[in-house]
Amino acid sequence: MKVYLDNAATTPMDPEVIEAMIPIMKENFGNPSSIHSFGRSSRAIIEKARKQVAGFINAAPGEIFFTGGGTEADNMVLRCSVEDLGVDHIITSATEHHAVIDTAEVIAGKKGIELSLVKHDAKGYVDIENLKQLLEANRDRKTLVSLMHANNEIGNRLPIKQVADLCKQYGAYFHSDTVQTMCHYRFDVRELGVDFITCSAHKFHGPKGVGFLFVNQNIQLKPMITGGAQERNVRAGTENIIGIVGLTKAMEVAYRDLEAHQEHVQGLKTYMIEQLEATIPGVTFNGDPKGDSLYTVLNVQFPNSEMDEMLLYNFDIEGVAVSGGSACSSGSNVGSHVLRNIGADMTKPSIRFSFSKFNTKAEIDYTIKVIKELFAVPA
Ligand code: PLP
């Protein structure tokens, strides 16, 4: 049996999405910037897609900028905030995706922009009191707060509305990396009051290399990538029309059946937690999987055994695709920056299991059987 449980890394494409992309590949090759009918028909497809995408999150079409994925969108927020909005202080967290934390570090290093890292509590949640203190202490600076909606490794969620309100109170810009939560929850950007959110289509059964950045209409960015007037002068480069249509279809499919999929996937995660607790002595979880946790992610800390370094490989041999770090007691492997920064026990092997609507209970049963065999638990 082959089981794919690495859906936080990427998801298989939905057949409906593939079907929607095929005619675009065959028929709509015109450059959207061309003024002839071929170009105009491509332009019309992109603008229709933008309107649809905006509608799903209650944004205005002019607030949606298509990008080459989540990393690019995150980079745009951080780099353009400093370049165009006069931001001189960034508050983020050490457990952000590398697209944010590495970018923040590069910017801070190069331009002398100050970087503050918000603390986490014992369960790995962002410490909101500490965020408040950081905002209070930097009232006189132009601050960008960049905190992800849900952590891609451990699943902990941010109280996004509360943070948006706090940022408003202190006059700070607020970016939330919603790459892991877009199309897994319903969003209303007006109600949330966020300035920027970012999206990547391949995290919800769409194609890779396409995403978007939402920018509140009161904010005007200049291009990070120059060389053309595409995306209303904010993101140069011929638009990825095939990807944009795929992204839009993936959103449509996701939002159509969202609650049913949430229930199904949460059911798989809960079942897996119960099975692990019942069968594997010494198993624990990183983050707070029974708390305010993204339902697609389960980060499991296994007890030490002689195969610590080989655990990931052993799952692969048995046909179960997962991700995560091995134990790093050897010192050569620094392991996951997320686990390290929430104070997880780095001497034990941790594995991330991440689920999608395509997973089944039978696949979880198979995975549990594999785990029992690996840890020599009697059947
Ligand atoms: N942000 C988060 C939270 C992610 O999980 C990812 C993907 O791993 C990204 C950003 C990067 O997105 P992309 O793969 O589209 O560049």
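# A guided tour of the model

Searching the whole structure turns up zero disulfides, a disulfide being a pair of cysteine sulfur atoms within 2.5 Å. Before you click on, note that this is a predicted model, in which local features need pLDDT of at least 70 and side-chain atom pairs count only at pLDDT 80 or more, while totals for chains, interfaces and linings use all residues. Residues are numbered from 1 along each chain as its sequence is written, and side-chain values use heavy atoms, with hydrogens and water left out.

**Stop 1**

C167 is buried, with a relative accessible area of 1%; buried means under 20% relative accessible area, exposed over 50% and partly exposed in between, using a 1.4 Å probe and protein chains only.

Now move to C199, which is buried at a relative accessible area of 0%. For C199 the closest cysteine sulfur is in C183, 6.2 Å away and too far for a bond.

**Stop 2: a pair of helices**

Next, select helix α1 (residues 15–27) and helix α9 (residues 241–256), which pack at an angle of about 155 degrees with their axes 8 Å apart. That makes α1 roughly antiparallel to α9, a label for angles over 145 degrees, with under 35 roughly parallel, 65 to 115 roughly perpendicular and the rest oblique. Axes here are lines fitted to C-alpha atoms, for helices over the stretch in contact, and angles run from 0 to 180 degrees between N-to-C directions. Helices (H or I, at least four residues) and strands (E, at least two) are DSSP runs, numbered from the N terminus.

To see the contact (heavy atoms within 4.5 Å), show E16, V17, A20, M21, I24 and M25 on α1, and I241, I242, V245, G246, K249, A250, V253 and R256 on α9.

**Stop 3: a glycine in a loop**

Go to G155, in the loop between β5 (143–146) and α6 (160–170). G155 is buried, with a relative accessible area of 0%. Beyond its neighbours within four places in sequence, G155 touches A150, D292, S293, L294 and V297.

**Stop 4: a serine in a strand**

Which strand holds S116? S116 lies in β4 (residues 114–118), and S116 is buried at a relative accessible area of 7%. Leaving aside neighbours within four places in sequence, the contacts of S116 are H89, I90, I91, T92, L134 and N138.
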